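Reader: Hi! Could you walk me through a few features of this one?

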Amino acid sequence: MANKIKLEVYTFGFRQPREQEYISLGDIEGTDFKTVFNDFLTSLKVRKKSEKLKKTLKIDDTYLNIDKDLISGVFESGEYGYSSDIIDVDAEDSSKPVFEKKNNHAEVLPFYFLIYAPSNRNKAIILLQRFGGKGINSVLGRNFEKYSKIRFPDLVLDFQQFISKALANHWIENGGISEFSLVSHELPSDSSDRLGLKGYESEVKTIQLKMSAKSVFGKYLNKRVKNYIDNPNNVFFDIKELSGFGLNGDKVKKKVQLTMDGNIRTIDLSDTGKMRPYYDIDNQVKKNADQHPDFESIDEIAKKLVADLLKIDID
């Protein structure tokens, strides 16, 4: 499906300039992170726009929920800066536009978020929803950094994608691998000749090897993946034929899908030094008629992921 629903994990932290350690979330110049972020959300009741990113951002306070160390809700965001025709794909004559989008028009979409910011930690965790290829990490990060510079001019705010080999190992050790895939976007010239695709290399979008595992084979894959994480210099599959299809080497994406506590997790193994665990929740989350997530459904799923994150040290 083109517009899959995913959750990605990021972290926020304040520090002194030229210092590496983050200060406590419970004492940011006399206040706490939850108060700071809630004040930031209040400022977003008025829609902001980023001319550099050509994106808008606004809080939809209909769904705003604050519960102890958790803040969850929905941002509204849209892209502008280009024009296009909107057509009715079900119309008898779909060539006639039903609306002409101007450069200053933005298609506004809802994006769920969840913040976990206990006062006894030094980093806040934020889960952000993606809708297909669309997300809000850049426009949210830019707006929060701008707000923080004004409020705390003597502090530095770091907004980073959460990277964790420890979490990946936890998932693999406690879950069962259900699927493994190798993905390449380049077809070697010698292979294109053997496949009768000489001259059409640029038209090949993706070459993919995907294996779905039964229980016994899944245990074998768990061991292979664990060994690969511990030593990325190991070749995952020592099969020369894979090289012929461009499915060996540094540019190949290696992804593992596993099931843990009834939930699907996905780990990108392409760079073991920068592992980005994320949730592909498209088959789990309930969707409304507009095909966007039901708030209570995605909120429940996100809180389960936070529970996973708390099993490792994020500071």
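Author: Happy to, starting with Q291, which is partly exposed because its relative accessible area is 42% (buried means under 20%, exposed over 50%, partly exposed in between, with a 1.4 Å probe and protein chains only). Keep in mind that this is a predicted model, where local features need pLDDT of at least 70, side-chain atom pairs count only at pLDDT 80 or more, and totals for chains, interfaces and linings use all residues. Residues are numbered from 1 along each chain as its sequence is written, and side-chain values use heavy atoms, with hydrogens and water left out.

Reader: Where is Q291, and what is its phi?

Author: Q291 lies in the loop between β14 (279-280) and α7 (295-309); helices (H or I, at least four residues) and strands (E, at least two) are DSSP runs numbered from the N terminus. Its phi is positive, about 70 degrees, although Q291 is not a glycine. Most residues other than glycine have a negative phi.

Reader: And R18, buried or exposed?

Author: R18 counts as exposed because its relative accessibility is 80%. R18 also has a positive phi, near 65 degrees, and it belongs to the loop between β1 and α1 (33-43).

Reader: Changing topic: how many aromatic pairs are there?

Author: A search of the whole structure finds 18. Rings of Phe, Tyr and Trp (its six-membered ring) pair if their centres lie within 6.5 Å; planes under 30 degrees apart count as stacked, over 60 as edge-to-face and the rest as tilted. Take F12 and F144: their ring centres are 4.9 Å apart and their planes are at 75 degrees, so this pair is edge-to-face.

Reader: Which parts of the chain does that pair link?

Author: Distant ones: F12 is in strand β1 (residues 5-15) and F144 in helix α2 (residues 137-151), 132 residues apart. F12 is buried, at 0% relative accessibility, and F144 is buried with a relative accessible area of 0%. Both belong to one aromatic cluster, whose members include Y10, F14, F33 and Y147.

Reader: Nice! What sits over the ring of Y82?

Author: The charged end of K101, 3.8 Å from the ring centre (the rule is NZ of Lys or CZ of Arg within 6 Å of the ring centre and within 35 degrees of the ring normal).

Reader: Last one: where is F99, and is it buried or partly exposed?

Author: F99 is found in strand β6 (residues 97-101), and with a relative accessible area of 44% it is partly exposed.
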